[in-house]
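Here is my note on the chain below. Please read it with the model open.

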Amino acid sequence: MKVNEKKDRSALKSRNITICAVVVFLLITALTLMSSRYMTQCINRENTAQSNRGELSDLGQELADASDYLTDEARKFSVTGDIEHLYNYWYEVYEEKTRDRVINSLSALDPPENETALLAEAKKFSDTLIKTETVSMKLMLTAKGITAKQFGDSKGGRLAEYVSIVEDTPLPEEYSGLSPDEMKKRSREILYDSFYNDSKTMIMSPIERFRQALNKRLDAEVESAAAGRETALVIQLVCSVSVLVIVGIVLIVFESLYVRPINDYSESLSKRNENSAEFDLSNVRVTPKGAYELFRFGELFNRLSQILQNELKKRETAEVQMRQAKEEADRANSAKSDFLAQMSHELRTPLNAITGYLYMLSNTSLDDTQKRYCTNINTASENLLGLINNVLDFSKIESGSLQLEYTDFDLVKLISDTYSIMESTAIAKDIPLRLDISGNLPNFVCGDPLRLRQVLVNLIGNAVKFTDRGEVVFSCKCQETKGRSVVIMFSVSDSGEGIPQDRLESIFEPFIQSDAGVTRRHGGTGLGLPISQSIVKAASGGKYSIEVTSQLGKGSCFSFLMAFDVAESSQVQSENDTSQGVPVEKAVILLVDDNSVNLDIESEILGTYGLQVDTADSGSKAIEYCHSHSPDMIILDLHMPDMDGYETARHIRELPDFGLTPIIALTADVVSGIEQKAYEAGMDGYISKPFRPDDLRKMIYKHLHIRREMPEKATEQGDEVFDCVACLDALGGSKSILFDIIKRFISDHGNDQKYICQHIEAGSYMNARIILHDIMGLSGNLCCRRLHESAKALNDTLKTDALQNADTKDFEEQWHKAVSRLEKFLQLDDDSSPQNVDDQKNSQLVKGLLDRCKAFDISVAEYFQQHRAEFKKFMKKTNFRRLEEYINRYDLLSITQSEDLWR
């Protein structure tokens, strides 16, 4: 019984049902399409016939209007003799050709022979009428004695041509011998007699008969098209009814074989599980029914329900395990982030105290051993801070939270500063560091200067570290310029030991170096290159990366591309900002920190800047202080127990008169988002612990607009080549210091003019601009105004695209004048003058210090300590503190480049 049922069911396969339905559908669709096409053809024929009927009416009216127009113009000429009417008449006949165009249009309707004959007859009568009107015009021309020669080129020569046509028309003999008046009279009569009117009527008569015949034929076509349209409509109605009937049958079959069985299956499943909290297929069974496929589905469902239930149980077990694993991974990541944040805070807080007290200790009198200890502690602190920063940067990269800044900055200055910073490291190893710039680099670009400097310092630092002989070359090249965008290639090549080929890829992996011996010899965590690679990729959206080529024993080359937008301008806040603000000795700072050690050291450091410092050890006390005091700036720790820095800043901002008071955030946390949260809370700046005292000082000076002690600009009345009076005023009248500065200028920079010209001739404009940048600063400090202006003008020209205008003649002239004047001034040095004894002694101290700095002699610290009291006596207070900072940091290059230290 079941076998027979299956055979019967096999006839109800969806395939067979679909084939039948498709065949019927195709037949009906074909009939519908053919009937639709036939109906469209009938409608088009009907519309064409109706359109021809309308066109015929328009053409008949146009012909009548044209005939009336010619008659009117001919009669007006015969009455008035105005030659303009003759012109209008023949212009219509030869140029407009309305009658010919109408008759041609009627002929284009492809009429039968009888209708064609009517058109020919109409054309014949039209020609006869034109002949009669021509004779009338000939009589009028003859009577008035008008000839074609009288008109020359009037109306483009057409009028003479039309008069000539009338003149060439012969008059019938009956008009010969008439007088002029008789000719005029006869000219009017022939246009109003019965013959003329009959001829005019005979033109329209065949046209009217043509129109009637055409209308009759079009009516027949319209009737035929309408009958075909009705037939097609009947066929479509029959097809539509058939479609409705077939659709109804299909719906019934579909409902019987598909919808009802599916509903029964659904009801069976819902009834079995409506009281169950979980969907358990192990107890679900259905009754097979419907089309063959659904019937088979019911059978297979019953077979597979138990198997499926087993698989679901396995899946649930796996999901539980995966959920547990994910929760554990999330907890591990959260714990790692919390650990890194806590580690940063816990390490930076004591490190801040160490570096602060070390800074204060370095400013006291120390013997050589103590100085060495301080130097070693400072080096270890910097290394530890670098390690913490690398670990945190790597953590940001791993979590995808590394954020890049997009701001305007001076690219040339960044390159120059980076070179200057790393040059001292290279000199310490007796390794030359060469800067090579090619292409027209823009001065100001938009990007992240901090991260770019980080990458460059890392690559140059690695090159110096792994190079024991030869040289290191730092190259910058403008690779591509497109509109306001520029792509620059940075590369660092060395002549070090090189990297094995099989290790070139792995060096960009974290905590990996080229070999184990590298860590033992040079140290390092193996995070610098991975972090630099991630920064380059993040800055370019993955388009660029650091590339490396290397040969063992010959050296390596690391290079990368970075795209920038060229900035219109860049306002760089310099340390020598001369904007007026709060005098340093009157500035009051409120320092808020819950850590008593940090509070002590931070207040002491601020006191060394000449600032007045008030302290508070909690947010609530800071708010209470602000109710009764008005500090010029608030430095606020973010992490405090009772009220954190964010909430404290918000409360302070709500107080009257505190809307514009600078608030600087100070924290040991440097995880992502801290700076943004600080700005949202109303703070103006952010500095992380442990901070460098110089960085904190710059931050304070920037926001308070404190004016550094600088020499006033010389007046315009001084010598433009070299204003020695203004220069001496800037140096406090110390002629010996001025002599020493001039000597070092001539000694160190005497060939700069030659180098600049050579670079310009070779097309190395960027190298020329870097030297010009130094000359501008030096000439300004020495009050050589003309040289300063000429150097600035040449530098501005090299910044633009008009490099062909880079004329060095004026610069060379001003250079020679300035150098000549400076050399003459040196001849005035009188060592025996009693009034200059102190100046000479001070100059010798400075010279001894500078000579050691230029030679990068580490004994400079000992030399400074021996003569510390003498330096302090003749130097300005702020300059003396700067000198101490440079000595403590062994930043000897800054000492040699800071001309304003000795003013």
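How many helices and strands are there in the protein chain?

1. The protein chain has 30 helices and 12 strands. These are DSSP runs numbered from the N terminus: helices are H or I with at least four residues, strands E with at least two. The model is predicted, with local features needing pLDDT of at least 70 and side-chain atom pairs 80 or more, while totals for chains, interfaces and linings use all residues. Residues are numbered from 1 along each chain as its sequence is written, and side-chain values use heavy atoms, without hydrogens and water.

2. Of the 903 residues, 43% count as buried (under 20% relative accessible area, 1.4 Å probe, protein chains only). The accessible surface is about 47800 Å² (Shrake-Rupley method, 1.4 Å probe). Carbon and sulfur atoms hold 53% of that surface.

3. Look at helix H17, residues 645-654. Its buried residues are Gly645, Tyr646, Thr648, Ala649, Ile652 and Arg653. They lie on the same side of H17, because they cover an arc of only 165 degrees around the axis (taken from the directions from the helix axis to the C-beta atoms).

4. What do the buried residues of H17 pack against? Their partners are helix H16 (619-628), strand S10 (633-637), strand S11 (663-667) and helix H18 (674-680). Contact means heavy atoms within 4.5 Å.

5. Asp644 caps the N-terminal end of H17. One of its side-chain oxygens lies 3.3 Å from the backbone nitrogen of Tyr646.

Notes. Buried < 20%, exposed > 50% of the residue type's maximum accessible area, 1.4 Å probe, protein only. Polar contact = N/O pair within 3.5 Å; in protein donor to acceptor, adjacent residues only side chain to side chain.
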